[in-house]
Amino acid sequence: ELPLWGYALYLLVMTHITIVTVTLYYHRSQAHGAVEFHPALSYFFRFWGWITTGMIVKEWVAIHRLHHAKDDGIGDPHSPQVFGFWRVFPFGVYLYYRAAITAAETGILHRYGQRTPRDTLERKLFMKYPWLGVTIMLVIDLLLFGLVGVGIWLIQMIWIPFWAAAVINGIGHWPLFK
């Protein structure tokens, strides 16, 4: 058993790595091609994103590129200017998953998800079993912390939906701040 600051430190380190993964790898590297990482680091980011978010790189990239293409207009998959702030702020992750399903059905995933990893690891594991990664993270947290691990895992699972979907997207694209 750790003191409270120990749990907090673990959470801060883990969630910070997740924020770096989404910000630098999913966003800057994959969606915009602004930075290229060594293959070993790219594999790490892909694995880390899989166990801490369950997000598929190609889906995230396609939805993000669609968001830029539609820029807070009709067709933007998660704009508070289209859906309203009070729908995007608490339910941004729902809008993301709904957009991912629609993207796969309508060809948006193929059109906007170009130049993302398509190797065997991506196709046979990360894309096929996105739920498995977050389940592995739950098991790791349970093994490390017992039942407290469930609470730690829940915080890890809401970290990106809260900060990225709700705060960054919801507040950042709210008409009041645009």
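The model is predicted, so local features need pLDDT of at least 70 and side-chain atom pairs count only at pLDDT 80 or more, while totals for chains, interfaces and linings use all residues. Residues are numbered from 1 along each chain as its sequence is written, and side-chain values use heavy atoms, with hydrogens and water left out.

**Exercise 1.** Describe how helix 1 packs against helix 2.

Step 1. Helices are DSSP runs of H or I with at least four residues, numbered from the N terminus. Axes are lines fitted to C-alpha atoms over the stretch in contact, and angles run from 0 to 180 degrees between N-to-C directions.

Step 2. This angle makes helix 1 oblique to helix 2. Angles under 35 degrees count as roughly parallel, over 145 as roughly antiparallel, 65 to 115 as roughly perpendicular and the rest as oblique.

Step 3. Residues of helix 1 that meet helix 2 include Met 14, Ile 17, Tyr 25 and Tyr 26, and among their counterparts in helix 2 are Phe 44, Phe 45, Trp 48 and Trp 50. Contact means heavy atoms within 4.5 Å.

**Exercise 2.** Determine how helix 8 is oriented relative to helix 1.

Step 1. The axes of helix 1 and helix 8 (residues 130-145) come within 13 Å and cross at roughly 155 degrees.

Step 2. The two helices are therefore roughly antiparallel to each other.

Step 3. Tyr 7, Tyr 10 and Met 14 of helix 1 meet Met 137, Asp 141, Leu 144 and Phe 145 of helix 8.

**Exercise 3.** Identify the residues with the most contacts inside the largest nonpolar core.

Step 1. A nonpolar core is a set of buried Ala, Val, Leu, Ile, Met, Phe, Trp, Tyr and Cys residues joined through side-chain atoms within 4.5 Å. Buried means under 20% relative accessible area, with a 1.4 Å probe and protein chains only.

Step 2. The largest core has 15 residues, and Tyr 25, Tyr 26, Met 55 and Trp 60 have the most contacts inside it. Helix 1, helix 3 (57-70) and helix 5 (85-106) each supply at least two residues of this core.

Step 3. A second, separate core of 14 residues includes Tyr 7, Trp 48, Phe 126 and Met 137.

**Exercise 4.** Is Asp 76 buried or exposed?

Step 1. Asp 76 lies in the loop between helix 3 and helix 4 (80-83).

Step 2. Asp 76 has a relative accessible area of 1% and is therefore buried.

Step 3. Leaving aside neighbours within four places in sequence, Asp 76 is in contact with His 67, Lys 70, Asp 71 and Phe 83.

Methods. Buried < 20%, exposed > 50% of the residue type's maximum accessible area, 1.4 Å probe, protein only.
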